[in-house]
Amino acid sequence: MPDRPEIVCICGSTRFVDEMRAANRDLTFAGVIVVAPGVFTRAEDHEADELITNEQKTALHTLHLRKIDLADRVLVVNPGGYIGESTSREIAYARATGKPISFTDPV
């Protein structure tokens, strides 16, 4: 029996904010510690991408990789099998660091 709850990092396109929030909720109720994107620019505000600088986008991407580092495993939220460019990079990083990866939909 582990001495702490499992830690899962949620990855996926921010266009799936509702699905990510549902996965976060389900995992949390199952006793899992969840780390997930903290900024959902596409879903919250269609003009938000214009307000975030390239430097901020780079920092957010790097921060998400550190979240993957903290996690025991990665859950990719990919409705309809969709995996975008950023999520593909995150999956490659998780694989390179030996993290188990699961998907909400078949790839």
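Before we start, please keep in mind that the model is predicted.

Let's begin with the sheet. Four strands make it up, and the sheet is open, with the order E2-E1-E3-E4 and parallel pairing. At the edges sit strand E2, residues 33-35, and strand E4, residues 101-103, each pairing on one side only. Going from one strand to the next, the twist averages 30 degrees. As a reminder, strands of a sheet pair through backbone hydrogen bonds, in either a parallel or an antiparallel way.

Now to one pair within that order. Strand E1 covers residues 7-12 and strand E3 covers residues 73-77, and the two are joined in the parallel sense over 5 bridges.

Next, the helices. Helix H4, residues 54-70, packs on the sheet and touches E1, E2 and E3. The direction of H4 makes about 145 degrees with that of E1. Helix H1, residues 17-29, also lies across E1, E2 and E3, and runs at about 170 degrees to E1.

Let me finish with Thr97. Where do we find Thr97? Thr97 is in the loop between helix H5, residues 85-96, and E4. And is Thr97 buried, partly exposed or exposed? With a relative accessible area of 36%, Thr97 counts as partly exposed, because that class lies between the 20% and 50% cut-offs. Thr97 and Ile68 are 29 residues apart along the chain, and their C-alpha atoms are separated by 9.0 Å.

Terms used
Residues are numbered from 1 along each chain as its sequence is written. This is a predicted model: local features need pLDDT of at least 70, side-chain atom pairs count only at pLDDT 80 or more; totals for chains, interfaces and linings use all residues. Side-chain values use heavy atoms; hydrogens and water are left out. Two strands pair if DSSP finds at least two bridges between them. Axes are lines fitted to C-alpha atoms, for helices over the stretch in contact, and angles run from 0 to 180 degrees between N-to-C directions. Contact means heavy atoms within 4.5 Å. Buried means under 20% relative accessible area, exposed over 50%, partly exposed in between (1.4 Å probe, protein chains only).
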